[in-house]
Amino acid sequence: MTILERVEQLLREGEELRARDLTLRYRLLPGQSPEEYLRWGRICEDLALPRQARECYQKALSKDPDYTAALRALASLSFEIGDLAAAKRLLLRCLRLDPEDREAKDLLAAVYRELNETGSLKKLLPSSEPVEERPEDRFFPRSFGPADLECLEEFLFGREAYKELILHPRTGEPLYLFRERPLTADLLRAHLSGEKYILAYPISEDLKVRWAAFEVEFSRKEFLRRRRKGGSSPEEVSFDYVVRKAFQRMEGLGLPVACETYPLHLKARFLFLFSEPVHFLWVKRFLEHLKELLPYPEGGVIYRPFTLTSPEGSGWRENAIPLPLGVSPVTEARSFLVDEDGDPIEDDIRYLKKLRRLSLGEIKRFCRARELSWQPLPRRPEVLERLCQKCPLIGAIVRQAERGARLTRQEKLALFLTVGLLDPDGRLLHELLQPTPDYRYTKVERQRRALPPNPISCYKLREWFPGLASECLCACVFEDYDRYPSPLLHVKPELVPPSGEVSLRHKRPEEVARFYRYLLNERERLSREIERLERELKGYLDRHPGRKIRLGREESLVLNEDKSLEFRKDS
């Protein structure tokens with residue numbers, strides 16, 4: 001009788017102490033077969049020795065790597081102690097060797113249920129799909145048009161290759177297929193609609209990127225401990241707390257950021273979009289500096305600031321990064337954006353449209369000064385407040401934008417050619433237009449960069465908004481006659497160029513004719529305005545005999561004996 005047979009006999013007789021002593025001494029005795037090591041492992045499980053049982057199963061696999069019974073036993077042990085990732089890996093390996101292994105399939109199905117991987121479970125056991133009751137309320141999927149995809153062009157930038165995540169048709173195992181072709185808008189649409197799950201390579205051939213992700217997740221050690229405990233809610237609350245604090249800190253630093261969370265997994269990532277291609281080393285430096293400014297993660301949560309590459313030996317290997325807002329085929333759950341309080345955002349695409357893009361200059365300033373010059377503006381900056389007070393017509397349009405009303409094309413142009421010229425980086429214009437429903441950062445920024453250098457004139461404003469001009473009593477008089485009248489003369493007159501002669505030598509006939517018609521209309525309006533002001537001034541001076549209205553140190557307006565007004569130089 002061998003020692004193994006003797007131990008099995010002792011267990012049948014109930015002498016567990018003697019069996020335990022012999023097991024600890026002889027279980028790893030050299031020269032045994034894989035079947036014998038497997039029997040030792042099962043004895044260790046019966047004696048509540050999980051670590052020793054794992055050693056026996058691993059010893060059996062070292063003798064025969066394709067021993068499916070040992071693979072199943074080790075996977076079952078890993079499942080019982082909570083190491084679901086190891087159990088899943090071993091069972092998939094077992095099914096690759098024996099696709100019809102029913103015991104391995106049942107155990108893998110239990111692993112998929114624990115991991116909430118519904119899509120993989122349906123591939124593994126097609127007949128076990130639950131019959132869901134039809135909801136009372138219908139769901140209408142969104143269609144993504146060219147305008148939606150145009151504002152997400154940053155995600156199409158990078159290497160002309162991508163990966164696609166699919167599931168093995170029989171086991172549900174995730175497989176990554178490499179495609180060496182450009183990432184197109186159609187693929188992005190398929191990703192957003194859930195038809196495909198795409199992973200992009202954001203680093204282009206010249207080593208520049210247009211977007212990056214800062215990940216927050218549980219460490220592997222903490223994740224395994226959580227699985228053994230069954231996923232306690234206090235740890236989930238701790239993870240949400242760390243993510244919210246990090247998000248609030250980023251917004252406090254003035255960083256435009258979107259927070260994406262993955263349901264059924266304690267994982268989140270912060271997305272940064274760039275207005276221009278930026279070298280990936282600058283982005284890496286930026287995210288590393290940002291990590292130092294965030295609250296210290298607690299409860300096993302870790303920060304992964306740079307995910308575009310991973311170290312390998314003496315160099316780095318490029319990583320494929322999942323595109324945002326996709327539906328994972330493994331869990332059949334969509335990732336979504338949340339606000340600083342952790343609540344889901346109603347329209348993810350609209351949020352990304354309005355998200356401001358970081359420029360290279362801002363990234364460099366942040367890396368050098370550990371802060372960003374772009375801070376949240378007060379409700380009404382001083383220069384904008386003064387412009388609204390001095391020009392009631394522009395003030396009325398500004399109030400409509402602040403209320404979130406949909407502006408007409410002419411109203412937008414009026415703001416572009418006034419507010420858009422007040423600062424070089426366009427922050428006033430973006431902050432003002434952001435509440436409007438059709439605001440898109442990339443579109444507004446592209447239009448702002450193409451603005452003509454000259455601001456809009458008062459004549460054009462009265463032509464576009466005659467009703468609003470009469471309601472707001474738009475009749476400003478500027479003393480600087482060398483510049484054409486414009487609302488910006490109230491706040492920054494240096495932005496208004498000197499008025500030039502309108503002639504066929506410089507303008508098209510249509511433009512000259514249009515300006516001529518405008519002047520005729522203005523002449524009639526100004527004549528009526530002059531007559532009205534003359535009556536009021538004559539009445540005022542007639543009621544106050546001998547009084548004169550001083551216009552400066554050396555000039556006054558007086559009423560003559562023939563009841564006419566005259567400007568006189570003071571002697």
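Let's start with Val496, which touches Pro455, Arg483, Tyr484, Ser486, Leu488 and Leu489, leaving out residues up to four places away in sequence. Touching, or contact, means heavy atoms within 4.5 Å. Val496 is found in the loop between α22 (466–471) and α23 (509–543). Helices here are DSSP runs of H or I with at least four residues, strands are runs of E with at least two, and both are numbered from the N terminus. Is Val496 buried or exposed? At 0% relative accessibility, Val496 counts as buried. Buried means under 20% relative accessible area, exposed means over 50%, and partly exposed is in between, using a 1.4 Å probe and protein chains only. From Val496 to Pro455 there are 41 residues in sequence, but 6.4 Å in space, C-alpha to C-alpha.

A quick word on what you are looking at. This is a predicted model, in which local features need pLDDT of at least 70 and side-chain atom pairs count only at pLDDT 80 or more, while totals for chains, interfaces and linings use all residues. Residues are numbered from 1 along each chain as its sequence is written, and side-chain values use heavy atoms, with hydrogens and water left out.

Now the whole protein. It has 23 helices and 14 strands. Of its 571 residues, 43% count as buried. If we take the contacts with a separation of 6 or more, 62% of them are between residues 24 or more positions apart.

Next, please find helix α17 (residues 392–402), which packs against helix α16 (residues 382–390) at an angle of about 120°, with the axes 5 Å apart. The axes are lines fitted to C-alpha atoms, for helices over the stretch in contact, and the angles run from 0 to 180 degrees between N-to-C directions. The two helices, α16 and α17, are therefore oblique to each other. On this scale, under 35 degrees is roughly parallel, over 145 is roughly antiparallel, 65 to 115 is roughly perpendicular, and the rest is oblique. Which residues make the contact? From α16 they are Leu384, Leu387, Cys388 and Lys390, and from α17 they are Pro392, Ile394, Gly395 and Val398.

Helix α17 is mostly covered, with eight of its eleven residues buried. Among them are Leu393, Ile397 and Ala401. The buried residues of α17 pack against α16, α18 (409–416), α19 (427–433), α21 (458–464) and α22. Just after α17, Gly404 takes a positive phi of about 85°.

That brings us to backbone angles. Most residues other than glycine have a negative phi. Ala48 is not a glycine, yet has a positive phi of about 60°. You will find Ala48 in the loop between α3 (34–46) and α4 (50–63), and Ala48 is exposed, with a relative accessible area of 60%. Lys563 is not a glycine either, and its positive phi is about 65°. Lys563 sits in the loop between β13 (555–559) and β14 (565–569), and counts as partly exposed at 45% relative accessibility.

On to the aromatic rings. Rings of Phe, Tyr and Trp (its six-membered ring) pair if their centres lie within 6.5 Å; planes under 30 degrees apart are stacked, over 60 edge-to-face, and the rest tilted. How many aromatic pairs does this rule give? The count comes to nine. Take Phe155 and Trp211: the ring centres are 5.0 Å apart and the planes are at 65°, so the pair is edge-to-face. Phe155 lies in the loop between α9 (146–150) and β1 (162–167) and Trp211 in strand β4, so the pair ties together parts that are 56 residues apart in sequence. Phe155 is buried, at 1% relative accessibility, and Trp211 is buried with a relative accessible area of 1%. Elsewhere, Phe214, Phe247, Phe270 and Tyr303 form one aromatic cluster.

Finally, look at Glu217 in strand β4 (residues 208–218). Glu217 is buried, with a relative accessible area of 17%. What joins the side chains of Glu217 and Arg304? A polar contact of 3.3 Å does. A polar contact is a pair of N or O atoms within 3.5 Å; within protein, one must be able to donate a hydrogen and the other to accept it, and residues adjacent in sequence count only if both atoms are side-chain atoms. Glu217 also touches other residues, including Phe239, Leu266 and Lys267.
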